[in-house]
Amino acid sequence: MSQLFSVHPDNPQPRLLKQAAAVLQRGGVIAVPTDSSYALACHLDDKAAADRLRRIRQVDDKHHLTLLCRDLSELASYAKVDNRQYRLLKLATPGPYTFILEASKEVPRRVSHPSRKTIGLRVPEHRALRELLEQHGAALLATTLILPGESHPLNDPETIRDRLQHEVDAVIDAGACALEPTTVLDLVPMGTGGEPEVVRQGQGSLAPLGL
C-alpha cells in the first residue's frame, strides 16, 4: 500500500514533504502534482527506480523522460545551453513547459534519448512540487502520469492511489491538477542557428515566447 501525503496546495507542510523526499532517497517512485498534471517521479541516479517508472508507464528507452529542476541554473547544469536558448528559457520558467535540449555529462546516458543524446527538462511552478525539489536537493526524473492504453493523464490523487497503490511508493495529494500536459519545445535546432520546434502544444502559451 502506497503512502499518502496530503499537503496544502499553497502552504504545503514541510514535515510531510521531507518524509516524501526520504521515500525518493530510498529508491521510491512517487506520484507528484505539477502545474500541468500529475507525474511519476524518482531519484535521477537510481537505475532500479527509473526502470520501475518506465514499467508503470510501459514506455521504452526512446521515450523522453523529463528532469524536474528547482530553477534555471539547475536546468542549465543538466543541458548544454547557449545564449539564445537561455533567453527563451528565462521567459518560460517556471511554468508548464518542457524543453528538449542536448544533455550534459551530468545526465546518466541511460535516461537520455539513445540516438539524439537529448533530455527533456522543466522548471515547474507548483508550490508543493517546488518545495519537494528543495527538500530532495536535486533534480528528479519524471514522466507524465498517463497509464498504458489511456490518452489523458490522471489528475485526482485518490484515484491515483487506488489504481497504483501496489506500484508506487507514495502519492502527494495537493488536490486535483489540470488535465492538460505541458507544452513541449525542442530547442536543439537553436544550437545551430535554427528556430525552436513545437513538439506539442499544451498548457503553456506560445505567445509570451514570441512563437
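The buried residues of H4 are covered by, among others, helix H3 (72–78), E5 and strand E9 (183–186). This is a predicted model, and its chain contains 6 helices and 10 strands. The radius of gyration is 16 Å against the 17 Å that the globule rule gives for 211 residues, so the chain is as compact as a globular protein of that length.

**Helix H4**

- The residues of H4 that are buried are Gln 85, Leu 88, Leu 89 and Ala 92. They fall within an arc of 100° when seen down the axis of H4, so they line one face of the helix.
- An α-helix has 3.6 residues a turn, so residues three or four places apart point the same way.
- Asn 83, Arg 87, Lys 90 and Leu 91 are exposed and sit on the face of H4 turned away from its buried side.
- Arg 84 also belongs to helix H4. With a relative accessible area of 28%, Arg 84 is partly exposed.
- Leaving aside residues up to four places away in sequence, Arg 84 touches Met 190, Gly 193, Gly 194 and Glu 195.

- The peptide bond joining Thr 93 and Pro 94 is cis, with omega at about -5°.
- The structure has 1 aromatic pair. Its rings belong to Tyr 97 and Phe 99; the centres are 6.2 Å apart and the planes are at 15°, so the pair is stacked.
- Tyr 97 is buried at a relative accessible area of 7%, and Phe 99 is buried at 0%.

**Helix H5**

- Helix H5 spans residues 127–136, and its buried residues are Ala 128, Leu 129, Leu 132, Leu 133 and His 136. Their arc around the axis is only 140°, which puts them on the same side of H5.
- The cover over the buried residues of H5 includes helix H1 (14–25) and strands E2 (30–32), E3 (39–43), E4 (66–68), E7 (140–144) and E8 (170–173).
- Gly 137 follows H5 and has a positive phi, near 80°.

**Helix H6**

- In helix H6, residues 157–164, the buried residues are Pro 157, Ile 160 and Leu 164. They cover an arc of only 55° around the axis, which puts them on the same side of H6.
- E2, E3, H2 and E8 are among the elements that cover the buried residues of H6.

**Two further loop residues**

- Gln 58 is in the loop between helix H2 (47–57) and E4. Its phi is positive, about 60°, although Gln 58 is not a glycine.
- Gln 58 has a relative accessible area of 63%; values over 50% count as exposed, so Gln 58 is exposed.
- Tyr 38 is in the loop between E2 and E3. At a relative accessible area of 0%, Tyr 38 is buried.
- Tyr 38 and Leu 141 are 103 residues apart in sequence, and their C-alpha atoms are 13 Å apart in space.

**The chain as a whole**

- Along the principal axes, the C-alpha atoms fill a box of roughly 50 × 35 × 35 Å.
- Of the 211 residues in the chain, 53% are buried.
- Among contacts in the chain with a separation of 6 or more, 66% are between residues 24 or more positions apart.
- The chain exposes about 9,600 Å², and carbon and sulfur atoms supply 47% of that area.

**Record annotation**

- An unreviewed UniProt entry places the feature "domain: YrdC-like" at residues 14–204.
- In the model, the span 14–204 is 30% helix and 20% strand, and its end C-alpha atoms lie 28 Å apart.

Note on methods. Residues numbered from 1 in each chain as written. Predicted model: local features only at pLDDT ≥ 70, side-chain atom pairs only at ≥ 80, totals over all residues. Heavy atoms only, no water. Phe/Tyr/Trp six-rings, centres within 6.5 Å; stacked < 30°, edge-to-face > 60°. Buried < 20%, exposed > 50% of the residue type's maximum accessible area, 1.4 Å probe, protein only. Helix = DSSP H or I, 4+ residues; strand = E, 2+ residues; numbered from the N terminus. Arc of directions from axis to C-beta. Contact = heavy atoms within 4.5 Å. Rg over C-alpha atoms; globule rule 2.2 N^0.38 Å. Areas by Shrake-Rupley, 256 points an atom, 1.4 Å probe, with all protein chains shown as cover. UniProt positions renumbered as here; feature names shortened; annotations may be inferred.
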